Amino acid sequence: MSVAYSQQLDTYKINQFYTADRGTLLLMLYQGAMDFLKRAKVHLDQGQIAEKGMCISKAHAVIGELLSTLDVEVGGDLSRSLEALYRFMMDQLMEAHLGNKVKPIDDVLLLLSTLNEGWEGAVAQARKEKL
């Protein structure tokens, strides 16, 4: 990939982020966390421990951001359930990072994928209702 194309792609992604609605941002966060974890698995498989650690740390930060945006006053039981899941995921990522284990990464990927699918449906439904 050329440098110019890479810079254009970065600019596009930044613009997409700043102009996205809340539902799109949420889905972007889930996708970003999943992408970081997929890369972490590749790095772990290739013995690139430092790179694996950086990817897990980035995914951990994304999940931490998801956790920090929860509002129990508004979301009630759903927010409390998501809080427990996010904390579990963060614990699993620490286990994966410290022990160089793939299974906790796979477990978190499965949870993120399931949540992402659910939110995709909710966001699509909300957009339909706005029309």
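At what angle do helix α4 and helix α5 pack, and how far apart are their axes? About 150°, with the axes 8 Å apart. Helix α4 covers residues 72–99 and helix α5 residues 103–130. Helices here are DSSP runs (H or I, at least four residues), numbered from the N terminus. Axes are lines fitted to C-alpha atoms over the stretch in contact, and angles run from 0 to 180 degrees between N-to-C directions.

Some ground rules. This is a predicted model, where local features need pLDDT of at least 70 and side-chain atom pairs count only at pLDDT 80 or more, while totals for chains, interfaces and linings use all residues. Residues are numbered from 1 along each chain as its sequence is written, and side-chain values use heavy atoms, leaving out hydrogens and water.

Confidence next. pLDDT is the predictor's confidence in each residue, from 0 to 100. The chain averages 89, and 85% of the residues score at least 70. Helix α1 (residues 3–19) is lowest, at a mean of 55. Helix α3 (residues 49–68) is highest, at 97.

Back to the first pair. α4 and α5 are therefore roughly antiparallel (over 145 degrees). Their contact (heavy atoms within 4.5 Å) includes Leu-85 and Phe-88 of α4 and Leu-111 and Trp-119 of α5.

Now the second pair. Helix α2, residues 22–45, packs on α3 at about 160°, axes 8 Å apart. So α2 is roughly antiparallel to α3. The α2 side of the contact includes Tyr-30 and Phe-36. Among the α3 residues are Cys-55 and Val-62.

Methods:
Helix = DSSP H or I, 4+ residues; strand = E, 2+ residues; numbered from the N terminus. Parallel < 35°, antiparallel > 145°, perpendicular 65-115°, else oblique.
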